[in-house]
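Q: Please take a close look at one part of this model and describe its surroundings. Give the cut-offs for the terms as they come up.

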Amino acid sequence: MVMAKLLSLLLLFSVFFLHSNAGEEEAFDVRQHLSTVSRYGVVKDVADNSFVASEIPDGCTPIHLNLVARHGTRSPTKKRMKEMDNLAPRLASLVKEAEEQKQPLQNLPAWLREWESPWKGKQNGGQLTVQGEEELYELGIRTRERFPHLFDEDYHPNVYAIKSSQIPRASASAVAFGMGLFSGKGNLGPGRHQAFAVTSESRASDIVLRFHDCCDNYKDYRKSQEPSVTKLKEPVFDEITSALKRRYKLNFSRQDTSSLWFLCKQEASLLNVTDQACALFSPSEVALLEWTDDLEAFILKGYGKALNYRMGVPLLKDVVQSMDQAIEAHEEKHDPGTYEKARLRFAHAETVVPFSCLLGLFLEGSEFQQIQREQPLEHPPKPPQKRNWKCSNMAPFGGNNMLVLYSCPANSSSKYFVQVLHNEQPIPVPGCDGSDLCPLDDFKEKVVAPHLKHDYNAVCNTKGGQQEQKPATSKLSQLFRWLFSNRIVPTHDEF
């Protein structure tokens with residue numbers, strides 16, 4: 001009798017365990033694990049539930065908003081579309097080879113036998129997609145609704161400064177955001193659209209939004225590190241390639257696995273298709289592939305090298321300068337419409353990631369103190385270990401940081417506060433004692449000041465510790481130098 005009860009309990013436990021595992025598998029959404037190819041709407045609400053956001057003190061009102069946003073969802077670049085075109089005959093040859101060898105192909109997905117690239121015949125790539133336009137348009141609407149006090153005035157470029165890099169998908173994102181932000185407030189057409197200006201600096205000299213393009217030392221560093229990054233990723237790709245060979249009886253190479261992972265990310269993000277390329281991989285394999293992308297971003301864009309974010313100091317200075325100007329206008333009681341209330345910037349993952357690092361976001365434990373002491377950090381922990389450094393959250397398409405400046409009554413603990421929002425959610429800032437809300441003086445002292453000792457030209461153009469003596473050059477000559485330089489190193493994201 002006792003034995004029968006034990007057996008019954010064991011059976012019940014087994015059923016419960018299997019059901020729990022099935023639930024976990026079912027709950028796994030591959031679209032939340034696509035690193036920088038993740039869609040904003042899928043990941044923007046994936047937050048740390050253990051973090052409790054600060055209450056804005058009574059009587060405090062927002063007087064200025066800084067926004068640093070990545071462009072919205074875009075199509076693959078021409079280079080990547082060509083890779084997908086080449087993948088189709090490669091898959092066909094693998095299937096043919098397996099059939100000739102009489103391999104058992106019952107597990108082979110039907111789609112893979114006759115697959116063709118969805119981008120076959122496309123002549124242009126890298127542009128903002130319809131989904132990307134919608135992401136930024138809706139973000140603009142939500143921003144106005146969240147901060148009505150900031151966006152209650154008629155549009156003027158001196159009040160609402162909108163800036164983008166000189167890359168079309170970034171400027172198109174700025175336009176989509178502006179259309180949402182000012183929707184119904186203009187006089188154009190039935191929708192009462194508002195015309196507005198988007199300004200850009202030349203790509204050859206934009207050290208605020210495309211600092212990576214102008215930083216010689218960074219381009220040298222990136223070029224030198226890319227082979228070692230590839231080497232670090234190889235064991236994961238080799239392990240997964242072996243698993244795919246066993247599973248589907250096709251003689252996949254490491255490059256095939258890389259191309260199929262890229263296809264998975266594009267299908268899931270752009271086409272919302274998760275039952276083809278993505279279904280080739282198990283959830284644990286997806287987590288490992290995501291980690292390889294995040295590791296690359298850590299080393300080449302993030303905390304892996306101080307240079308990666310120190311070159312973003314001009315952007316940090318621009319943010320703080322805009323706050324100081326807003327405070328001056330507020331205290332001197334400038335007339336409405338004569339001072340800036342928002343500075344809205346649209347750029348790239350190579351902008352948002354370093355800027356997040358400058359703010360000290362997404363660090364583990366005591367890493368903020370290590371950064372302050374300029375000590376190197378360990379690489380992000382490999383799955384199944386948890387990590388804060390996840391690019392699907394840090395820099396998805398449309399990913400953004402907002403810094404909201406609040407003016408508070410005289411009886412408050414501080415006259416001005418800064419709140420930091422990431423993807424519209426309050427986020428802990430280590431320099432602010434782990435709070436999202438920080439007295440402005442503390443923010444300047446603990447978050448900003450340690451970075452301001454680094455000059456952009458010294459960081460980017462010093463060789464062997466000595467500042468290079470270069471003749472003053474005009475923007476025109478800088479442009480020609482950029483056009484004919486072969487030293488610009490593109491990333492897999494191509495900005």
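**A surface patch and a buried aspartate**

A: Tyr137, Val175 and Met179 make up a nonpolar surface patch with about 230 Å² of accessible area together (residues over 30% relative accessible area without a salt bridge, nonpolar side chains Val, Leu, Ile, Met, Phe, Trp and Tyr joined within 5 Å, like charges within 9 Å; areas by Shrake-Rupley, 1.4 Å probe, only the protein chains shown as cover for residues). The model is predicted: local features need pLDDT of at least 70 and side-chain atom pairs pLDDT 80 or more, while totals for chains, interfaces and linings use all residues. Numbering starts from 1 along each chain as its sequence is written, and side-chain values use heavy atoms, without hydrogens or water.

Val175 lies in helix α6, residues 168-181 (helices are DSSP runs of H or I, at least four residues; strands are E runs of at least two; both numbered from the N terminus). Val175 counts as partly exposed because its relative accessibility is 36% (buried is under 20%, exposed over 50%, partly exposed in between).

Asp436 sits in the loop between β6 (425-426) and β7 (437-439). Asp436 is buried yet has no salt bridge, with the nearest oppositely charged side chain, Arg146, 7.4 Å away (a salt bridge needs a Lys or Arg side-chain nitrogen within 4 Å of an Asp or Glu carboxyl oxygen). The Asp436 side chain does reach the backbone nitrogen of Ser54 at 2.9 Å. Residues touching Asp436 include Phe51, Ala53, Val418 and Pro426 (contact is heavy atoms within 4.5 Å).

In the whole protein of 495 residues, 51% count as buried.

Note on methods:
Buried < 20%, exposed > 50% of the residue type's maximum accessible area, 1.4 Å probe, protein only. Lys, Arg positive; Asp, Glu negative; His and termini not counted. Polar contact = N/O pair within 3.5 Å; in protein donor to acceptor, adjacent residues only side chain to side chain. Lists of a residue's contacts leave out its neighbours within four places in sequence.
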